[in-house]
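Please walk through this model with the sequence and the coordinates side by side.

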Amino acid sequence: MIAFGTSITRPDVFRACALPGIRRAAEPDSEVYELEAREPIARSYNALLDRAAAREDLEALVLVHQDAELVDGDVCARVRAALADPEVGIAGSVGAIGVRSIAWWEGSVTLASFINRYEDHGGGDLVSFSWDAHDRPPYTQVGEVETLDGYVLAFSPWAVRNVRFDESLGAFHGYDFDYCLQVREAGRKVVTAELRAIHHRPLEMLPDPAEWVEAHMLVAEKWDGRMPGIGWAAGTWRERALRAEAERDAARAVGHSRALELAARTAQLERALTDARTSISWRITAPLRLLARAGRRPEPRPERPSFGPELTVGRAP
Amino acid sequence: MIAFGTAMVDPEAYRRYARPGIDRAAEPGSEIIALAALASVPRSLNLLLERAAGLDDLEALVIVDQDAEIGDPRFCAAVRGALADPDVAVAGPTGARGVTTVAWWDEEVISAPVVHRYEEHGGGEVEAFAWSRAGAPPAEVDALAGFLLVLSPWAVRELRFDESLHLGVGFDVDLCGRARAAGRKVVTARMPVVLHRPLELVEEHDLWIEAHVDAGEHWAGDDADWKARARRAEAERDAARARSYSATVMLDARVLPLERELDALTSTLSWRLTAPLRKLNARRRGG
């Protein structure tokens, strides 16, 4: 039996996002655990692990964030395939290698099978690089990784019964990375699998940077020396501090510049739109456009234009 | 006498921006020192100090960046007001408290009205350093922004920019630190400025990072808890990268629908048919 579970802080979000995906994915005998969240998320997830651990016929537990929507109907088959190797402890749809901190995206991401569906600025989709199975970059790989993103995770019965989330790491961040490290330290594998999902979330990756920074430091301290590469960087502590401060300030400067560019480009486009709509030629040709609109068949949906090597943006349906 | 000085790498920028502002602000007896920049910013600015130190009746030296335009004809009154306290060594329109690195703009910024005027995307202007502006002058600060610095006669004679900051970044923060170490004050004053700059705050990132490290080496004591500092900085760096990535994505998400709307509007038959009319109109407006 494959069980599904979600820790819920917003029942409306759960009903709109996670629940439809779980219904799509679950089999007739699947158990679905809807748990009212307790802080930190690690405590909620441990409670879900405890519930699943009690089932003797457990094949896997799939934990889904309340804002994550599984899209495929054969998720259970995919989970069984991913966990078929008894050495595998945990699987997920987004994974990376070469990771040294909770910022897994600073590592080499091997699979990212999700869409970030956002409501900001009228809404749209950010499609991750390996979503489209027919158009993937050459570095896409399904298999063993160092860490997974926690929004969709599939646990083997061994992991459910033997590994627990660390409740001392703060409210929300780093719990997934730490769990993967525990699984690997115990000699089991962490793997990616095609568990595609839509993540319904805003575009801002870190709405609470102070909490995230604390979790980053706690995890680095916990694992430095226990797992190769984690919390490590070249140089003395003094050299590391000075370089990281410089790189931090450079990254912040990029953020400020992007915000300025956003203001400038938005102002320019809004000016152009206003100029166009208030021009005499636009106003005197209004009847022409009305006529044209009346005789036109509905237009096909526009293609998603690319705006980067890994992401595309389009309107939400 | 209040003197004005600029060390320029781009004479055209000086002619277009700094010089009109200086002309607006200068008094009949003001000395205006315009020099070609030397190999490094600190060296260039020290040459200005040496020239100004030779002036007999100096009340203040105003160092103006080539792309900074003083916006107020009553500027000299503001200079005298700021330097009325004999303990004040350096004044300027924009400064910050809590400064620990060259990136003073990420701390508690205290600024006079400073407008950032850009030419990209059809041109426009925004309030400069709005993301961390916490108050208005007058106020005592740790460091001032180098685009406009007012130095007292004491500072002109006694202080020098650190020429071992070879890459130039942080010369302003460093000079202010020297003034404070000598027991003098660094203050912001109401001196409106227009900054004519691109939108990109830091243009050569790799070089800037090296310069930041270089300045950090100059200022770092031996008593810091380097491990704790490294851990925090590495965490904050990764957070800043994530947020800057989010800012890029948000930019695209906001701009793309507007671009699509404009494309749709200007690709209509009626828009294309009336193009000659608009051209004619534009020519008429252009005189």
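**A guided reading**

B:His121 has a relative accessible area of 25%, so B:His121 is partly exposed. Buried means under 20% relative accessible area, exposed means over 50%, and partly exposed lies in between, with a 1.4 Å probe and protein chains only. This is a predicted model, in which local features need pLDDT of at least 70, side-chain atom pairs count only at pLDDT 80 or more, and totals for chains, interfaces and linings use all residues. Residues are numbered from 1 along each chain as its sequence is written, chains are lettered from A and ligands numbered from 1 in the order in which they are written, and side-chain values use heavy atoms, with hydrogens and water left out.

Stay with B:His121. Its loop runs between strand 8 (114–118) and strand 9 (124–127) of chain B. Helices (H or I, at least four residues) and strands (E, at least two) are DSSP runs, numbered from the N terminus. Most residues other than glycine have a negative phi, and most peptide bonds are trans. Phi of B:His121 is positive, near 55°. In chain A, phi of A:His121 is near 50°, again a positive value in a residue other than glycine. A:His121 sits in the loop between strand 8 (114–118) and strand 9 (124–127) of chain A. A:His121 counts as partly exposed because its relative accessibility is 33%.

Two peptide bonds also deserve a look. From A:Glu39 to A:Pro40 the bond is cis, with omega near -10°. A:Pro40 belongs to the loop between strand 2 and helix 2 (41–53) of chain A. From B:Pro137 to B:Pro138 the bond is cis too, with omega near 0°. B:Pro138 falls in the loop between strand 10 (133–135) and strand 11 (139–140) of chain B.

Now take chain A as a whole. It holds 9 helices and 15 strands. Its C-alpha atoms fill a box of roughly 75 × 60 × 40 Å along the principal axes. Of its 317 residues, 52% are buried. Contact means heavy atoms within 4.5 Å. Among contacts between residues at least 6 apart in sequence, 75% join residues at least 24 apart.

Two strands pair if DSSP finds at least two bridges between them. Strand 1 (residues 2–8) runs parallel to strand 2 of chain A, joined by 5 bridges. There A:Ile8 stands opposite A:Glu36.

Strand 6 (residues 94–97) and strand 7 of chain A pair in the antiparallel sense, over 4 bridges. A:Ala96 has A:Val109 as its bridge partner. Strand 7 is mostly covered, with 4 of its 5 residues buried. A:Thr110 lies in this strand (residues 108–112). A:Thr110 counts as buried because its relative accessibility is 4%. Beyond four places in sequence, its contacts include A:Ile97, A:Phe129, A:Tyr139 and A:Thr192.

Finally, the cysteines. A:Cys76 is buried at 2% relative accessibility, and A:Cys180 is buried at 0%.
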